[in-house]
Amino acid sequence: MMTSIHPILAYLGAAALLPLFTGAWRNRMVLAAAAVGLLIVHNLPSGTLATANFLGMDLVLMRVDGLSRVFGYIFCLNSVFAFLFAYKLNDVRQQLAALFYIGSALGAVFAGDLITLYVFWEIMAIASTFLILARKTKLSSGAGFRYVLVHLFGGLCMLVGIIVHIQTTGSIAFTSLAPSLGSWLILLGVLVNASAFPFASWLSDSYPEATVTGGVILSAYTTKTAVYALLRAFPGWEILIVIGCLMAVYGIIYALLENDMRRILAYSITNQVGFMVTGAGIGTAMAINGAAAHAFCHIIYKSLLWMSAGAVLAATGKSKCTELGGLHKTMPLTLLLGLVGALAISSFPGTSGFTSKSMIIQAAANEHLTWVLMILEIASAGVFLHAGIKFPYFVFFAKDKGLRPPEAPRHMLLAMAGLAFLCIALGVYPQPLYAILPFDVGGFDVYKGGKVVAQLQLLLFSALVFFLMLPLLKRTDTIALETDWFYRRGGRLFYQAVSAFFNGLNDMAAKVAGRAVHGFAEFCRNLPERALFLLTALNPDFWTSGTTVNAALRMKQIRDSLDAGALPVGGSLIAVTLGLAVLLGLVL
């Protein structure tokens with residue numbers, strides 16, 4: 001039963017109508033669908049709004065509360081700007097994939113049971129794969145293949161976990177889970193999508209190979225849906241604190257080593273999601289609020305950065321820092337808007353990253369988690385190094401490579417300007433964001449208690465380190481060894497081992513079967529002469545002295561008679577009858 005419109009219907013409805021529209025009208029319709037989705041989320045009342053019965057289980061198709069509403073808001077809001085950025089896109093396959101991908105992400109966020117969550121989880125994995133494959137390059141094909149395999153593995157873990165959980169508890173409710181075999185398997189499936197170490201490499205492998213539009217859209221949904229699932233089902237699981245801190249540091253290290261601008265941004269997603277996973281692990285109201293707020297702000301500034309990089313890629317066809325530089329001369333607006341995103345991801349005071357990330361750090365401080373606090377502060381400094389300075393410096397400044405691409409198209413600039421405005425607005429006045437968080441933020445004020453001074457000191461120190469170490473940070477066209485090496489190489493070795501085993505087994509079976517068939521054929525060929533010899537031997541005169549003939553000589557006589565077709569009719573009939581009897585006996 002449904003008492004309110006599910007926002008997913010706006011996206012699926014647009015997908016159904018796509019074939020009826022062409023050209024600019026199709027892009028307008030997609031953009032309008034995203035706006036309608038946002039309007040639907042805004043008007044949703046709290047509570048269980050849609051249910052269904054499936055195989056005796058009561059599914060909750062739509063549950064709205066503070067946590068799901070925050071993610072519903074930002075998912076729809078981001079889709080508006082993403083489709084505005086892709087306003088000139090003339091590829092119905094990408095539009096279809098994007099609509100199904102965003103719609104299924106909304107379906108997962110508003111799911112009230114594990115079955116519904118799993119269904120939308122898998123649709124999301126498949127739909128997003130087409131945003132990678134749509135680039136139609138050899139690299140994107142390989143990356144898309146690995147991407148879907150990794151996510152199907154994660155989905156399989158989740159499915160097995162859900163089955164075990166239902167068998168042991170009898171509940172399908174998508175709520176806070178207690179530790180058990182089933183919940184651990186579900187957690188493993190969620191962490192794969194969250195790009196948690198050691199499963200993180202799928203993100204930097206696949207997202208940079210997506211199309212310009214695909215990269216913008218992919219950066220927002222899969223990992224943040226996983227963050228939502230962690231906040232919903234695993235708040236306070238302390239293992240997540242360790243995993244989150246590891247992700248935060250891992251992302252920085254590889255982002256600093258990377259040469260490709262979109263891979264730098266991909267690693268920074270893992271880094272930023274690490275903050276959110278840490279917040280889920282701390283599990284207090286402040287931490288949950290901080291993780292949800294940071295997911296909200298991260299989607300905004302990360303999309304802005306991917307748009308900036310996408311505009312450069314679309315204009316130059318290049319993505320490596322070693323091939324870019326000096327673009328500030330012809331793409332000043334793209335640079336300016338991208339800088340806003342770079343400052344936001346670096347938690348520069350006055351931007352959205354500062355007002356959200358500070359909540360997670362404050363939550364760690366409130367729980368006296370000193371080592372967590374130190375790692376998060378170090379990770380914050382590292383973010384400024386790779387995303388705040390390195391990305392804009394090497395792409396827009398550094399050594400002028402002589403590229404003179406035109407400024408990004410107006411619709412792209414408009415989308416980036418909208419997101420840049422939100423980065424600053426939520427940084428200067430975060431109260432509207434705080435008002436929709438799951439818990440009351442109380443007296444938390446990010447601009448009190450010396451936080452601004454401390455953050456500025458940290459950022460200035462990071463900037464100093466960057467320019468002092470600039471000779472070491474200058475990129476070359478190298479490839480960083482990643483954890484995906486193990487499953488890439490391991491997958492090849494596994495394939496070779498499986499091929500050798502089964503092909504060897506096949507050869508052995510063929511030899512055994514061949515020998516059996518050859519033996520049976522030989523037996524059948526000799527059956528008439530042996531049967532006739534047996535009949536001859538039944539004659540008593542055969543054994544009397546004087547008439548006994550040599551057995552070998554008799555066999556030769558019988559064989560010669562068979563070859564000449566000179567056997568008596570009676571003997572032939574007896575031989576045929578005996579042969580048929582033997583065959584029937586073998587068959588039956």
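Predicted model: local features only at pLDDT ≥ 70, side-chain atom pairs only at ≥ 80, totals over all residues.
**Helix packing, core and salt bridges**

Student: What does α16 reach from its first C-alpha to its last?
Tutor: Helix α16 covers residues 410-428, which makes 19 residues. At 1.5 Å a residue, 27 Å is expected. The helix comes close to that, with a reach of 27 Å.

Student: Is M359 buried or exposed?
Tutor: M359 is found in helix α14. Its relative accessible area is 0%. The limit for burial is under 20%. So M359 is buried.

Student: Which residues is M359 in contact with, leaving aside its neighbours within four places in sequence?
Tutor: Helix α14 holds M359. Contact calls for heavy atoms within 4.5 Å. With those neighbours left aside, the partners of M359 are M286, N289, G290, A293, Y434, L437, V441 and F444.

Student: What separates the C-alpha atoms of M359 and I217?
Tutor: Along the chain, M359 and I217 are 142 residues apart.

Student: Which element gives the largest share of the largest nonpolar core?
Tutor: The largest nonpolar core has 180 residues. F71, F234 and L240 have the most contacts inside this core. The largest share is 20 residues, and it comes from α12.

Student: Which residues does F71 contact, leaving aside its neighbours within four places in sequence?
Tutor: F71 is one of the residues with the most contacts inside the largest nonpolar core. Beyond its sequence neighbours, F71 is in contact with V109, K224, V227, Y228, L231, A292 and A295.

Student: How many salt bridges does the count come to?
Tutor: Side chains of opposite charge can pair when their charged atoms come close. The rule asks for a nitrogen within 4 Å of a carboxyl oxygen. By this rule, the salt bridges number seven.

Student: How many residues apart in sequence are the parts that E209 and R135 tie together?
Tutor: The two side chains meet in a salt bridge, 3.9 Å from N to O. E209 lies in the loop between α8 and α9, and R135 in the loop between α5 and α6. So the pair ties together parts whose separation in sequence is 74 residues.

Student: What is the distance between the closest N and O atoms of R263 and E209?
Tutor: R263 is in helix α11, while E209 is in the loop between α8 and α9. R263 counts as buried at 19% relative accessibility, and E209 is buried at 9%. In their salt bridge the closest N and O atoms are apart by 2.8 Å.

Methods. Residues numbered from 1 in each chain as written. Heavy atoms only, no water. Helix = DSSP H or I, 4+ residues; strand = E, 2+ residues; numbered from the N terminus. Expected span 1.5 Å × (residues − 1). Buried < 20%, exposed > 50% of the residue type's maximum accessible area, 1.4 Å probe, protein only. Core = buried A, V, L, I, M, F, W, Y, C linked by side-chain atoms within 4.5 Å.
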